[in-house]
Amino acid sequence: MRTATPEDAVALTELSIRTMREAFGPPHNPAELVEAYIEETFSVEKIRRELLDSKATFLLTIGPDQEVVGYAKMRRNRPPRQLSGQHAIEIQRLYVSDRQIGKGLGRNLMESCLNLARHEGYQTVWLGVWERNKRAIAFYEKTGFQRCGWHYFQFGDERQRDYWMKKEV
């Protein structure tokens, strides 16, 4: 595991696209909806800009063949109103390649996110998760997150509902 740099933009873009298709593609959503979101969100240049953003930190999980197989994006941003007044940091993205699921990489990635939050003095970590992503919700609950509200997330031309979840650190 290591912190990403702008030199990781190509590998991170490729993994972002692959994991987005794995997590949200058919049968969960129509392929054209997922592809439109990918086109809008994940390009090498956009990822490079995110890597250069001082409010963001990307953590990478590296596989045995030195391939990037998982990542998390921590974002220092104003939390949702349900957490107003709390010193909180967001896990904006946390994905592991499907072929790596079940090997403990997601748990290790989450622990690295929580450690980063503690190290930077945050009280709370929060995230949004699609209400239909049962596997992710179960993972977050298993790692101690609790629902604290919801919001709508624009996914292409469809408005989907995400749960806000939080964990005290």
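Visitor: Does Gln 66 count as buried or exposed?
Guide: The model under discussion is predicted. Gln 66 is found in the loop between β2 (56-62) and β3. Its relative accessibility is 62%, and the cut-off for exposed is over 50%. Gln 66 therefore counts as exposed.

Visitor: What is the phi of Gln 66?
Guide: Most residues other than glycine have a negative phi. Gln 66 is a residue other than glycine, yet its phi is positive. The value of phi for Gln 66 is near 70 degrees.

Visitor: Is the peptide bond from Pro 26 to Pro 27 cis or trans?
Guide: Most peptide bonds are trans. Pro 27 lies in the loop between α1 and α2. The bond from Pro 26 to Pro 27 has omega near 10 degrees, and it is cis.

Visitor: How are the axes of helix α1 and helix α2 oriented, roughly parallel or roughly antiparallel?
Guide: Two packed helices are described by the angle between their axes and the distance between the axes. Helix α1 covers residues 9-24 and helix α2 residues 31-41; their axes come within 10 Å and cross at roughly 150 degrees. Angles over 145 degrees count as roughly antiparallel, and therefore α1 is, relative to α2, roughly antiparallel.

Visitor: Which residues of α2 are met by α1?
Guide: The crossing of α1 past α2 is right-handed. From α1, the residues taking part are Ile 17, Met 20, Arg 21 and Phe 24. The residues of this contact divide into six nonpolar, no polar and two charged. On the α2 side they are Val 34, Glu 35, Tyr 37 and Ile 38.

Visitor: How does α1 lie relative to α3, roughly parallel or roughly perpendicular?
Guide: Helix α3 spans residues 44-52, and its axis comes within 9 Å of the axis of α1. The two axes cross at roughly 115 degrees, and the range from 65 to 115 counts as roughly perpendicular. Therefore α1 is, relative to α3, roughly perpendicular.

Visitor: Which residues of α3 meet α1?
Guide: Here too the crossing is described by its hand: α1 passes α3 in a right-handed crossing. The α1 residues are Ala 9, Val 10, Leu 12, Thr 13 and Ser 16. Six nonpolar, two polar and one charged residue make up this contact. The α3 residues are Val 44, Ile 47, Arg 48 and Leu 51.

Visitor: Is Leu 51 buried or exposed?
Guide: The place of Leu 51 is in helix α3. Not counting residues up to four places away in sequence, Leu 51 touches Ala 4, Thr 5, Pro 6, Asp 8, Ala 9, Leu 12 and Phe 58. Its relative accessible area is 12%, and buried means under 20%. Leu 51 is therefore buried.

Visitor: What is the relative accessible area of Ser 97?
Guide: Ser 97 lies in the loop between β4 and α4. Leaving aside its neighbours within four places in sequence, Ser 97 is in contact with Leu 15, Arg 18, Thr 19, Glu 22 and Val 69. Ser 97 is buried, and its relative accessible area is 0%.

Visitor: Which residues does Met 110 touch?
Guide: The count leaves out residues up to four places away in sequence. Contact here means heavy atoms within 4.5 Å. On that basis, Met 110 touches Ile 91, Leu 94, Leu 127, Phe 139, Tyr 140, Thr 143 and Phe 145.

Visitor: Which residues does Arg 135 touch?
Guide: Arg 135 is found in helix α5. At 52% relative accessibility, Arg 135 counts as exposed. Residues up to four places away in sequence are not counted, and those touched by Arg 135 are Asp 98 and Ile 101.

Methods. Residues are numbered from 1 along each chain as its sequence is written. This is a predicted model: local features need pLDDT of at least 70, side-chain atom pairs count only at pLDDT 80 or more; totals for chains, interfaces and linings use all residues. Side-chain values use heavy atoms; hydrogens and water are left out. Axes are lines fitted to C-alpha atoms, for helices over the stretch in contact, and angles run from 0 to 180 degrees between N-to-C directions. Helices (H or I, at least four residues) and strands (E, at least two) are DSSP runs, numbered from the N terminus. Angles under 35 degrees count as roughly parallel, over 145 as roughly antiparallel, 65 to 115 as roughly perpendicular and the rest as oblique. A crossing is left-handed if the near helix is turned anticlockwise from the far one by less than a right angle, and right-handed if clockwise. Ala, Val, Leu, Ile, Met, Phe, Trp, Tyr, Cys and Pro count as nonpolar, Asp, Glu, Lys and Arg as charged, and the others, Gly among them, as polar. Buried means under 20% relative accessible area, exposed over 50%, partly exposed in between (1.4 Å probe, protein chains only).
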